[in-house]
Amino acid sequence: MYLLSLGKANSRWLKKQICQWAVTVVLAFIVVGCANQGRNQDVYGLTGGQGIVATGYAVISSQHGDTPAQKRLMAIKASKLDAYRALTEQVYGQYVNATGTMVDMSITQDQMRSRVEGVIYGAKLVSITPIGDETYETKLALGQETINELVRNYLQVSKVDRSSASPGR
């Protein structure tokens with residue numbers, strides 16, 4: 001009887017130790033995650049976490065080149081351009097044009113096109129990373145001050161274009 005109660009006590013003690021260990025591990029992950037978030041903002045060069053980060057991707061095998069090394073370099077360039085496109089889309093938005101044709105109350109043709117256009121400068125290269133054996137990922141960051149300047153310049157150019165297009169001027 002004494003041995004049975006001793007076994008239950010050891011079992012309770014072991015469960016308590018496992019619970020304490022699990023709570024410690026979870027708290028450690030939370031602390032490390034918070035520390036990484038702050039560090040990433042510093043790496044991106046963004047003050048106070050403001051700004052945007054864009055990611056671009058490119059597949060190596062779909063690139064033109066005579067050697068695997070040339071295809072890798074082209075994939076890096078393509079992923080960087082894709083990241084710039086993503087930044088431009090976030091700053092200026094995306095123009096979407098959709099058309100559809102209906103005959104006898106049935107859609108016979110449906111088309112959608114999108115376009116992104118704008119000027120990006122001051123972007124910081126965060127990383128160029130191979131993803132597996134076939135893809136490259138590029139991350140670019142743009143600080144809030146630069147975004148504000150880009151939008152301000154865009155609005156000034158748009159204002160000049162509108163005033164020169166109006167009749168009588």
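**Figure 1. Overview of the predicted model.** Among contacts in the protein between residues at least 6 apart in sequence, 58% join residues at least 24 apart; contact here means heavy atoms within 4.5 Å. This is a predicted model, in which local features need pLDDT of at least 70 and side-chain atom pairs count only at pLDDT 80 or more, while totals for chains, interfaces and linings use all residues. Residues are numbered from 1 along each chain as its sequence is written, and side-chain values use heavy atoms, with hydrogens and water left out. You will find three helices and five strands in the protein, running α-β-α-β-β-β-β-α from the N terminus on. Helices (H or I, at least four residues) and strands (E, at least two) are DSSP runs, numbered from the N terminus. Of the 169 residues in the protein, 17% are buried, where buried means under 20% relative accessible area, exposed over 50% and partly exposed in between (1.4 Å probe, protein chains only). The protein exposes about 12,900 Å², and carbon and sulfur atoms supply 58% of that area. Accessible areas come from the Shrake-Rupley method with a 1.4 Å probe; for residues, only the protein chains shown count as cover.

Figure 2. Look for E137 within residues 135–142, which form strand β5. E137 is buried yet has no salt bridge, a salt bridge being a side-chain nitrogen of Lys or Arg within 4 Å of a carboxyl oxygen of Asp or Glu. The nearest side chain of opposite charge is K139, 4.6 Å away; Lys and Arg count as positive and Asp and Glu as negative, while His and the chain ends are not counted. What does the side chain of E137 make a polar contact with? Its partner is the side chain of Y57, at 3.1 Å. A polar contact is a pair of N or O atoms within 3.5 Å; within protein, one must be able to donate a hydrogen and the other to accept it, and residues adjacent in sequence count only if both atoms are side-chain atoms. Not counting residues up to four places away in sequence, E137 touches T55, G56, Y57, S79, S127, I128, T129 and I131.

Figure 3. T88 belongs to helix α2, residues 68–92, and counts as buried because its relative accessibility is 8%. The side chain of T88 reaches the backbone oxygen of Y84 at 2.8 Å. Setting aside neighbours within four places in sequence, T88 is in contact with G93, V116, E117, G118 and I120. T88 and I120 are 32 residues apart along the chain, and their C-alpha atoms are separated by 6.5 Å.

Figure 4. Most residues other than glycine have a negative phi. D104, however, has a positive phi of about 55 degrees, and M105 has a positive phi of about 60 degrees. D104 is exposed, with a relative accessible area of 75%, and M105 is exposed with a value of 75%.

**Figure 5. Close-up of a nonpolar surface patch.** M102, M105 and I107 make a nonpolar surface patch of about 390 Å². Patches are made of residues with over 30% relative accessible area and no salt bridge: like charges are joined within 9 Å, nonpolar side chains (Val, Leu, Ile, Met, Phe, Trp, Tyr) within 5 Å. I107 sits in strand β3, residues 106–115, and counts as exposed at 56% relative accessibility.
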